[in-house]
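Here are my notes on this model, as numbered points. Please read them beside the coordinates.

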Amino acid sequence: MNDAYLPLAYLNAWEYCPRRFYFEYVLGEMDDNEHIVLGRHLHRNINEEAVIQAGDVLIHQQQWVWSDRLQVSGVIDAVEERSTELIPLEYKKGKMGRHLSDHFQLCAAALCLEERTGKTIVYGEIFYHANRRRQRVEFSPQLRQMTEEAVRAAQLAEARPMPAPIEHKTKCQACSLQGICLPIEMKYLRS
Ligand code: SF4
């Protein structure tokens with residue numbers, strides 16, 4: 001593994017908004033808003049490495065994984081071992097079905113896990129705190145391909161100019177970097 005591998009969490013940022021990814025990953029800019037603080041708070045109970053037995057399920061919390069093929073690395077919130085199956089699990093503060101970026105992050109984590117274990121990971125799950133439900137995410141050939149394409153695009157972004165703001169009102173309103181990015185002002189200047 002190499003320190004220069006793309007962190008899995010930044011892949012989520014890339015899918016959310018390439019400009020946000022550029023601020024965070026390339027320029028090292030970070031800022032908090034209520035969504036970030038709440039997400040951190042909700043992660044407080046699963047932030048430590050541990051192995052927990054819950055009935056028939058063995059839960060590996062904070063599992064470190066990487067892929068030399070894709071050159072990505074990071075931590076999965078949990079990997080559940082159910083019989084012979086391995087199921088990667090991510091905890092998110094938002095609502096189910098809103099964030100395709102979460103699927104890419106989870107799928108990239110599964111690709112890492114497959115490379116590390118030699119097992120096929122068929123699906124993973126995302127627990128959304130906002131509606132307290134788990135969403136099952138199938139790692140279809142299409143999702144795998146889109147995830148690999150996103151990884152490659154994110155890796156190339158460093159050598160390219162900063163992307164323009166996306167025009168997505170909901171995403172920009174929820175984005176902690178709005179005060180640095182200034183999407184409305186940028187749009188006004190460009191017009
Ligand atoms: S404010 Fe909008 S355009 Fe700017 S980084 Fe955030 S999501 Fe992207």
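1. Ligand shell. The residues around the ligand are Cys 17, Arg 19, Arg 20, Pro 165, Ile 166, Lys 171, Cys 172, Cys 175, Leu 177, Gln 178, Cys 181 and Pro 183. A residue is near a molecule if its C-beta atom, placed from the backbone, lies within 6 Å of it. Two or more shell residues come from each of α2 (18-26), α6 (169-174) and α7 (178-181). Helices (H or I, at least four residues) and strands (E, at least two) are DSSP runs, numbered from the N terminus.

2. Eight shell residues are nonpolar, one is polar and three are charged. Here Ala, Val, Leu, Ile, Met, Phe, Trp, Tyr, Cys and Pro count as nonpolar, Asp, Glu, Lys and Arg as charged, and the others, Gly among them, as polar.

3. Basis. The model is predicted: local features need pLDDT of at least 70, side-chain atom pairs count only at pLDDT 80 or more, and totals for chains, interfaces and linings use all residues. Residues are numbered from 1 along each chain as its sequence is written.

4. Confidence. Mean pLDDT (the predictor's confidence in each residue, from 0 to 100) is 89 for the chain, and 90% of residues reach 70 or more. Helix α5 (residues 141-157) is highest, at a mean of 95; helix α3 (residues 34-42) is lowest, at 68. Where pLDDT is low, the predicted coordinates should not be read in detail.

5. Strands. β2 (residues 50-54) and β3 (residues 57-67) pair antiparallel over five bridges; pairing takes at least two DSSP bridges. Ile 52 stands opposite Ile 59 in β3. β3 also runs antiparallel to β4 (residues 72-82), with ten bridges.
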